[in-house]
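This report is meant for a reader who is meeting the structure for the first time. Please keep the sequence and the model in view while reading.

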Amino acid sequence: MPLQKLALKPGVNRENTRYTSEGGWYESDKIRFRQGTPEKIGGWQRISDATFLGVCRSLWNWVTLGSQNLIGVGTNLKFYLENGGAYNDITPLRNTVSLTDPFTTTNGSPTVSVVDANGGYISGDFVTFSGASAVGGLTLNGEYQITVDTTASNTYFITASSNATSTATGGGTVSAAYQINTGAAYVIPLTGWGAGSWGAGVWGTGGTSDTEIRLWSQANFGEDLLFGPRGGPIYYWDATSGLTSRGVLLSSVSPATANVPTVQDVILVSDISRFVFCFGCNALASATKNPMLIRWSDQEDSTQWTPAATNQAGSLQLSRGTEIVAAKQARQEVLVWSDSALYALQYVGAPVVWGAQLVGENISIASQNAVAYANGVAYWMGVDKFYKYDGRTQPLPCNLRKFIFNDFNTQQYRQVFSGTVEAYHEIWWFYCSADSQTANRYVVYNYLDNIWYYGTMDRTAWLDSGLRDFPLAATYNNNLVNQEEGVDNNELVDSAPIHAYATTAEFDLDDGHQFNFIWRVLPDITFDGSTTESPSAVMTLLPMQNSGSGYNSPASVGGSNDGTITRSAVLPIEKFTGQLNTRVRGRQMVMKIESTGSGVTWQLGSPRLDMRPDGRR
């Protein structure tokens, strides 16, 4: 029997059985398909040794007039500007007060209680003290994180850098500068009294609700930055003030009017005439948030929000849905997603200024960050399917839909985020599997080849910017990494290998009518780009009697069902293990290619199987 060449179609399909997906791939992790065949994805490299505090949910990249390449980094605890690998804290201040003898120390303990009757602080907040005199052997000037004392009103605890040498109260006249309240890192379900709205739930049990995770939106206005947390005000950072200056309320920036929105869910700056948009905000002369209201500033003026005959500030109310979830600048329009519809905003000029057109209804969207825009098309994850908008809204067929949404933590939809890897024509979505409170899985749509694949990776935010050499991602280790740099995991101090694999669907040996005996495999692979001298990958054959029999056990009798392919030379051409000797018998087969070593990357070609008929039983 001649050698059987394995030419498999690209992409992973798990919408049906392993056998129905014959001729393709069924499992994957940290691989992509290029030119129709699987290859290991690139590695990642931390951008510096520095770290930030909190879980990052937002990244934004721009360059100032002074050629500073900046990344806005919004976490649940703080807001930073990254420049040259350093994270500069520009978290706005909520309040600055003067306290008298606020500190009480305990001999031998670093825990210090602080009394502040002004209130407004919560556990996790940050405060900076200045002007304090020594108390209990401690001088407590500097920044501290707060833990509220639940047993005493107007009191919280901080932790000093050393133990107090006596029990004492004092500190003199102290200036306390409080940063804006911190937010939650994850959605935490609440039940009982106070959890839901009045009258919600069964009598005697109270209602249910969720804590909102801290999500930021941000956009540069020229060289300056506008940013704000979902459900909070708009802040402004002036590039001319330098990286050590904090953001301030936009309403405090001269000549801001009294009508700057005080609460918003999403901020966006339009490409057309630089209008600043707020989605889900308070109306004029109201402090109450209207979750379906859109307001915009005058063109080229972030501070003028009062509509008048002499400017183009304005507002409009959307009707389909209960809240605005996301917004995205598209080609000559601004796309706005409510929880059940998609609108397109287009500039029409005075007096209407911006008009809204309903372009999609009876849809869903997973989160504020679930939208990616590439090649003139918006792609997003819904609560049970994927969508795209290219002038019309339509579901995006997905060969992994059942696999993804049947293993999904629906309480953590707000954590879903997306990004692009334009170099490979990819849209990535990250989400929480059913047993995880953190985003630990990803799914990729290759819009050029119209294929899907998936894997596992712990990330919290993503940004593919043309202003940086590599896509950026935020990690749970509180740092940023360059994705697709190198071939290993360099997220921490010590480099680690990346386990990458792809497994085929079940395929027939010959026509599947009778058993076949495979006695050797001729690999076809390249290790181009590997940094180790002798990179290797393992190929495994998993034989079956039929699609319902499970894998043969043992997989091989008197031999082996796998083998290691090792590169031995690169000049004049690449040379690697020419054949793998196996002893495998079955009607059907599954093949797996994987690598676990450091310095390894690979792309599979079309391996061939050498086999002979071996009877019908």
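Where is the place of H425? H425 sits in the loop between β37 (417-421) and β38 (426-431), where strands (E, at least two residues) and helices (H or I, at least four residues) are DSSP runs numbered from the N terminus.

## Basis of the model

This is a predicted model, in which local features need pLDDT of at least 70 and side-chain atom pairs count only at pLDDT 80 or more, while totals for chains, interfaces and linings use all residues. Residues are numbered from 1 along each chain as its sequence is written, and side-chain values use heavy atoms, with hydrogens and water left out.

H425 has a positive phi of about 60 degrees although it is not a glycine, and it is partly exposed, with a relative accessible area of 30%. Here buried means under 20% relative accessible area, exposed means over 50%, and partly exposed lies in between, with a 1.4 Å probe and protein chains only.

N362 is not a glycine either, yet it has a positive phi of about 55 degrees. N362 belongs to the loop between β32 and β33 (371-374), and with a relative accessible area of 72% it is exposed.

## S364 and its surroundings

S364 is also placed in the loop between β32 and β33, but at 10% relative accessibility S364 counts as buried. A polar atom of its side chain lies 3.0 Å from the backbone nitrogen of V383. Leaving aside neighbours within four places in sequence, S364 is in contact (heavy atoms within 4.5 Å) with D339, W380, G382, V383, D384 and Y387.

## Cis peptide bonds

The peptide bond from A350 to P351 is cis, with omega near 0 degrees, and P351 is found in the loop between β31 (341-349) and β32 (353-361). The bond from L571 to P572 is likewise cis, with omega near 0 degrees, and P572 lies in the loop between β50 (562-569) and β51 (575-576).

Strand β47 (residues 516-522) is joined to β52 by 5 bridges and to strand β55 (residues 608-613) by 6 bridges, and both pairs run antiparallel. V521 has L580 as its bridge partner in β52 and stands opposite L609 in β55, while R520 has N581 as its bridge partner in β52. β47 is mostly covered, with 5 of its 7 residues buried.

## Nonpolar cores

In soluble globular proteins, nonpolar side chains tend to be buried together. A nonpolar core is taken here as a set of buried Ala, Val, Leu, Ile, Met, Phe, Trp, Tyr and Cys residues joined through side-chain atoms within 4.5 Å. The largest such core has 85 residues, and those with the most contacts inside it are W337, M381, F386, I404, I593 and W602. Apart from it lies another core, of 21 residues, among them F103, F129, V135 and Y144.

For F386, leaving aside its neighbours within four places in sequence, the contacts include W380, M381, P395, L396 and C398. I404, F405, W429, V443 and W452 are also among the contacts of F386.

Key. Two strands pair if DSSP finds at least two bridges between them. A polar contact is a pair of N or O atoms within 3.5 Å; within protein, one must be able to donate a hydrogen and the other to accept it, and residues adjacent in sequence count only if both atoms are side-chain atoms.
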